[in-house]
Amino acid sequence: MSSLQGKVAVVTGAGQGIGAATAIRLAAGGAKVAVVELKEEFGHNTVQAIRAAGGEAIAIGCNVTNGTEVEQAVTHTIERFGRLDILVNNAGVIRDNLLFKMSEDDWDTVMDVHLKGSFLFSRAAQKHMVRQRYGKIVNTSSTSALGNRGQANYSAAKAGLQGFTKTLAIELGPFNINVNAVAPGFIVTAMTKETSERMGVDFEERQRAAAEQIPLRRVGQPEDVANVIAFLASDEASYVSGQVIYVSGGRR
Ligand SMILES: NC(=O)c1ccc[n+]([C@@H]2O[C@H](COP(=O)([O-])OP(=O)(O)OC[C@H]3O[C@@H](n4cnc5c(N)ncnc54)[C@H](O)[C@@H]3O)[C@@H](O)[C@H]2O)c1
C-alpha cells in the first residue's frame, strides 16, 4: 500500500502546471487533496481529473498572500478531510525584468506570492502537523535561485525559499515534520511559455535550444517534478529533511 494512502494534502497553485500534476500524483497515491487556487473555479479541472480517476479532491479559492484566506483554507481542508498531513507550497508568479526596469510592484508581487505565501501556509499548517506529530512540507524553489538574467526578484525569492526550508526543517523536525524543497529547471508550463513570449522567442524553439544545454537532453514535464514531490511527501523519504532536490535534468 502506498504511504500516501489516507493522507490529506494541500497543494497551492494546483489549477495547472506543476501544481496540478502534483495534486493528481498525490491523489493517485491515495491522498485526499485540497486544490488551492486564486479562484475556486481555477481548481475545477484538477479536481475533476482526480475524481474521474477515483480519487478525492476539493477546490478552494484562496490568495496565498492573504493570511485570513490561508487560515480559512486550512480550516476548510480539516473540516472536510479531518486532518492535514502534506503541504506543497507551489503557487508562483513571475514579473521578469532587468534590474533597471524592475518596478517596486514587480519586486513585491514576486516576494509576496513565493515567500510570504509559503510562510503563511506553512505557519497555518504546522499547528495541525505539530499536534499530530506528523507532517510533510515541500516548498518549490528553482534553478533560478542560483542566478538568472531578468529574474532578480524571482531568483531572490527562490533562494529565500531554500533558507526558509532549511530553517523549518530545524524547527519542525522534533515534531516529526519533514521539510524539503524541489528546485525545478526548465519545465513546460504556462509560466515558461509566458517567459518565451516576453523574450519574443518561439516556445517550441526555446525548448529545443534549452534541451541542448541540459545533460539529459530534454526539457522537463510537470510530472517529472510531481514524482519527486510525491516521494518527499511519502514515508519512503521519512529520514530526508532540510534538503533541496534539483529536478533539472542535470543542469545547474
Ligand atoms: N515551469 C518552470 O520551469 C518552473 C521552474 C522552476 C520553478 N517553478 C516553480 O514551480 C511552481 C509552479 O510553476 P508552474 O510553472 O506550474 O506555473 P503556472 O503559472 O503554470 O502555475 C502557477 C499557479 O499558481 C497560481 N497562483 C499564482 N498566484 C497565486 C496566489 N497568489 N494564490 C494562489 N494561487 C496562485 C496560478 O493561478 C497558477 O495556477 C512555481 O512556484 C514556479 O515558480 C517553475
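Student: Which residues of helix α8 (residues 222-232) are buried?

Tutor: Buried means under 20% relative accessible area, exposed means over 50%, and partly exposed lies in between (1.4 Å probe, protein chains only). In helix α8 the buried residues are Pro222, Val225, Ala226, Val228, Ile229, Ala230 and Leu232. Helices (H or I, at least four residues) and strands (E, at least two) are DSSP runs numbered from the N terminus. This is a predicted model, in which local features need pLDDT of at least 70 and side-chain atom pairs count only at pLDDT 80 or more, while totals for chains, interfaces and linings use all residues. Residues are numbered from 1 along each chain as its sequence is written, and side-chain values use heavy atoms, with hydrogens and water left out.

Student: Which elements do the buried residues of α8 pack against?

Tutor: Contact means heavy atoms within 4.5 Å. The buried residues of α8 pack against helix α1 and against the strands β4 (86-89), β5 (135-140), β6 (177-184) and β7 (244-247).

Student: Strand β5 is on that list. Which residue side chains make polar contacts with Asn139?

Tutor: A polar contact is a pair of N or O atoms within 3.5 Å; within protein, one must be able to donate a hydrogen and the other to accept it, and residues adjacent in sequence count only if both atoms are side-chain atoms. Asn139 lies in strand β5. The side chain of Asn139 has a polar contact of 2.8 Å with that of Asn89, and another of 3.0 Å with that of Thr165.

Student: Is Asn139 buried or exposed?

Tutor: Asn139 has a relative accessible area of 0%, so it counts as buried. Leaving aside neighbours within four places in sequence, the residues in contact with Asn139 include Ser118, Ser122, Phe164, Val179 and Asn180.

Student: How is the protein chain divided into domains?

Tutor: Domain bounds come from an automatic or database domain assignment. Here domain 1 covers 8-185 + 222-247, and domain 2 covers 187-219. The C-alpha centres of domain 1 and domain 2 are 23 Å apart. Their contact takes 14 residues from domain 1 and 9 residues from domain 2.

Student: Which residues place polar atoms by the nitrogen or oxygen atoms of the ligand?

Tutor: Asn63 has a polar side-chain atom 2.9 Å from a ligand nitrogen. Val64 has a polar backbone atom 3.1 Å from a nitrogen atom of the ligand. Lys158 has a polar side-chain atom 3.0 Å from a ligand oxygen. Taken alone, the ligand exposes 830 Å², and the protein buries 93% of that (Shrake-Rupley method, 1.4 Å probe).

Student: Is Leu120 buried or exposed?

Tutor: Leu120 is in helix α4 and counts as buried, at 6% relative accessibility. Beyond its neighbours within four places in sequence, Leu120 is in contact with Val64, Thr65, Asn66, Gly67 and Val70. Phe119 is also placed in helix α4, but counts as partly exposed at 35% relative accessibility.

Student: What is the phi of Arg133?

Tutor: Most residues other than glycine have a negative phi. Arg133 is not a glycine, yet has a positive phi of about 55°. Arg133 sits in the loop between α4 and β5 and is partly exposed at 46% relative accessibility. Asn176 also has a positive phi, about 65°, and is not a glycine. Asn176 is in the loop between α5 and β6, where it counts as partly exposed at 41% relative accessibility.
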